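Biologist: I would like to learn how to read strand pairing and overall shape from a set of coordinates. Could we work through one case?

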Amino acid sequence: QVQLVESGGGLARPGGSLRLSCAASGDTDSKNIMGWFRQAPGKEREFVASILKVNHFAYYADSVKGRFTISRDNARNTLSLQMNSLKPQDTAVYYCAAQLYAGEMYFPMRPDKYPYWGQGTQVTVSS
């Protein structure tokens, strides 16, 4: 099992930046992919970005590509999301998630395939 704790959310102005962090503990030695998802009130949970442990290959939603950067520090068991050029549409609760897998059987963009989740951190972008 994996425990995840997010931090770094808050209020930003349009065009501003925020950096989210996620601290992982538990079974962090297994093959895994970690990602960020977000959910606005009344909306479906949305994939944001994910990154593989083995080679740091990253996946991004089209809506954040070029603005957000996902990274991870395997030695410190942390996941980060640098969010630049923020837009009001980025307002949501952001969740850190982890997925353990065997072989090449992983699903980088499907929230239903991530069994481990953090508690979420609120990001609000408003002028």
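Modeller: Start with a definition: two strands count as paired if DSSP finds at least two bridges between them. The model here is predicted. In it, β7 and strand β8 (residues 78–83) run antiparallel and are joined by six bridges.

Biologist: Which residue in β8 does T69 stand opposite?

Modeller: T69 faces Q82 there.

Biologist: What holds strands of a sheet together in general?

Modeller: Strands pair through backbone hydrogen bonds, and the arrangement is either parallel or antiparallel. In this structure, an open sheet is built from four strands in the order β1-β3-β8-β7, with antiparallel pairing. Its edge strands, β1 (2–7) and β7 (68–73), each pair on one side only.

Biologist: By how many degrees are neighbouring strands of this sheet turned against each other?

Modeller: The average is 15°, with direction ignored.

Biologist: How many helices and strands does the protein have?

Modeller: There are zero helices and 11 strands. The radius of gyration is 14 Å, close to the 14 Å that the globule rule gives for 127 residues, so the protein is as compact as a globular protein of that length.

Biologist: What does the C-alpha trace span along its principal axes?

Modeller: About 45 × 25 × 25 Å.

Biologist: And how many of the residues count as buried?

Modeller: Buried means under 20% relative accessible area. Of the 127 residues, 43% count as buried.

Biologist: What share of the contacts with a separation of 6 or more comes from residues 24 or more positions apart?

Modeller: Such residues account for 59% of those contacts.

Note on methods. Residues are numbered from 1 along each chain as its sequence is written. This is a predicted model: local features need pLDDT of at least 70, side-chain atom pairs count only at pLDDT 80 or more; totals for chains, interfaces and linings use all residues. Side-chain values use heavy atoms; hydrogens and water are left out. Helices (H or I, at least four residues) and strands (E, at least two) are DSSP runs, numbered from the N terminus. Axes are lines fitted to C-alpha atoms, for helices over the stretch in contact, and angles run from 0 to 180 degrees between N-to-C directions. The radius of gyration is taken over C-alpha atoms; the globule rule is 2.2 Å times the number of residues to the power 0.38. Buried means under 20% relative accessible area, exposed over 50%, partly exposed in between (1.4 Å probe, protein chains only). Contact means heavy atoms within 4.5 Å.
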